[in-house]
Amino acid sequence: MSSAADTRARLRVAGGGSISGELTVPGDKSISHRALMLGGLAEGDTHISGFLAGADCLSTLRALEALGVRIERPSPEQVVVHGRGAAALSGSSAPLDMGNAGTAMRLFMGLLAPQPFDSVLIGDESLMRRPMERVAAPLRQMGARIETREGRPPVHIRGTPSLHGIDFHLPVASAQVKSALLLAGLGASGRTRVTEPAPTRDHTERMLGAFGVTVQRDGARVSLEGGQRLRGTSVHVPADFSSAAFFIVAGLIAAQRGLLLRNVGVNPTRTGLLEMLKLMGADIQLHPHAGEAVEPTADIEVRKSRLRGIHVPRELVPLAIDEFPIFFIAAALADGETTVRGAEELRVKESDRLAAMAEGLTTLGVDNHLLDDGLWIRGGSGFGGGTIESHGDHRIAMAFAIAGLAARAPIEIRDVANVATSFPGFVELARAAGLGLEAL
Ligand code: S3P
């Protein structure tokens, strides 16, 4: 197991306050992982700008280096990957450490399964508890030789240079599983087809196109032909919608004069939160950027709004899967009841996010009820103060930091070092916007 982040790091946020101004949040985590990996499989150089220099993506970067890929970083947000094609990768004698990054581990399983060498994938305490059979099982159907420990890491991949495409129906809506199978499909013979039960983020499909790979989309099914070569390209990573989400809700709570978030990725497979908040009466305006970018971007303007509770439409759940911690904060402030169902995937994220949020909301005096597959919240009475356990989960920590804007007393959040996995500079940016936040 990799060394755990310092569990003693804490945040304290003063109750109340207001925020305003213009902010740019760091680059998209999902897109940064993919840009590195596809760059490592490609022939020729890939120039990445707007890269997220967070711990998760740095785990991917180091793993690629351990596999023999030469990578340069002219600045923290700029990366040049000197790809020499998938066949030039070489095995690592040491285990590849994915840290806290589920995306890295699952996508690397697909990327490494068709390679002729053995690999071992490990991670931190949280990642070592997360389910990996959802990727291992379909990869075995493709001919891969993969072992997990009772479904969890470490993941042992035995070299198998002869995978074949399959026609697979995903039992859970998961972009990570879809992406892993597409990456394995590139190194397999024949066609790999993946059908989703509901749309999930399509960054892999879009980016493969930019690297010169033909990917077919036919309704819920995406497929590609094995053996296609990737050509190095330029990737501009937009600001991460999932990081912007914390400030979108902060703006709804406390931006009387408005808050502007610049250059945010607004791929419709990521922006379910906007639909949910609009159903609650949120004042949010998108100013889309013109042009034919691989990923659509916009400036997002938010204003303090009175929210009302909703039943979240189930089809929006996969489109907002990472935004529920901060959504629950918004729901706790909305008048009336909010219910989320069909969100059992939240139990196997960096923490059990349903349980962690229910526990934290209870600490702050919010009436809520934990369901097997969701959460019921009665909102509208604000937050008291208290001490919150983040369970080492970056998004739980940041969600409760934002809750401070509507709290009657200070909130302290424990075990917050992992904020750096997705949002380096969160504390500084939040303070600059007006939040009374301190790192302890
Ligand atoms: C991700 C997909 C989602 C999401 C994760 C990033 C990706 O996971 O929660 O943070 O980059 O593909 P699932 O595919 O497991 O839903």
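Predicted model: local features only at pLDDT ≥ 70, side-chain atom pairs only at ≥ 80, totals over all residues.
Let me start with one side chain: Phe-246 is buried, at a relative accessible area of 1%, where buried means under 20%, exposed over 50% and partly exposed in between, with a 1.4 Å probe and protein chains only. Residues are numbered from 1 along each chain as its sequence is written, and side-chain values use heavy atoms, with hydrogens and water left out.

Phe-246 sits in helix H7; helices here are DSSP runs of H or I with at least four residues, strands are runs of E with at least two, and both are numbered from the N terminus. Leaving aside neighbours within four places in sequence, Phe-246 is in contact with Ile-326, Arg-395, Met-398, Ala-399 and Ile-402, contact meaning heavy atoms within 4.5 Å. The C-alpha atom of Phe-246 is separated by 9.2 Å from that of Pro-325, although the two residues are 79 apart along the chain.

Ala-250 lies in helix H7 and is buried, with a relative accessible area of 1%. For Ala-250 and Leu-435, which are 185 residues apart along the chain, the C-alpha separation is 9.0 Å.

That brings me to the cores, a nonpolar core being a set of buried Ala, Val, Leu, Ile, Met, Phe, Trp, Tyr and Cys residues joined through side-chain atoms within 4.5 Å. The largest one has 86 residues, and the members that touch the most others are Phe-247, Leu-277, Phe-327, Phe-328 and Phe-426. Which helix gives this core its largest share? Helix H7, residues 241–254, supplies 11 residues. Leu-277, for its part, touches Ile-248, Val-249, Leu-252, Ala-282, Ile-284, Phe-327 and Ala-330, not counting residues up to four places away in sequence. A second, separate core of 66 residues includes Ile-48, Val-79, Leu-224 and Val-237.

Turning to the whole protein, there are 13 helices and 25 strands, and buried residues make up 60% of the 440 residues. Of the contacts with a separation of 6 or more, 74% are accounted for by residues 24 or more positions apart. Along the principal axes, the C-alpha atoms fill a box of roughly 60 × 45 × 40 Å.

Finally, some backbone details, for which the background is that most residues other than glycine have a negative phi, and most peptide bonds are trans. The bond from Pro-153 to Pro-154 is cis, with omega near 5°, and Pro-154 is found in strand S9, residues 152–158. In the loop between strand S8 (145–149) and S9 we find Glu-150, whose phi is positive, near 50°, and which is exposed, with a relative accessible area of 77%. His-391 has a positive phi near 55° and is found in the loop between strand S23 (386–389) and helix H11 (394–403). Is His-391 buried, exposed or partly exposed? At 39% relative accessibility, His-391 counts as partly exposed.
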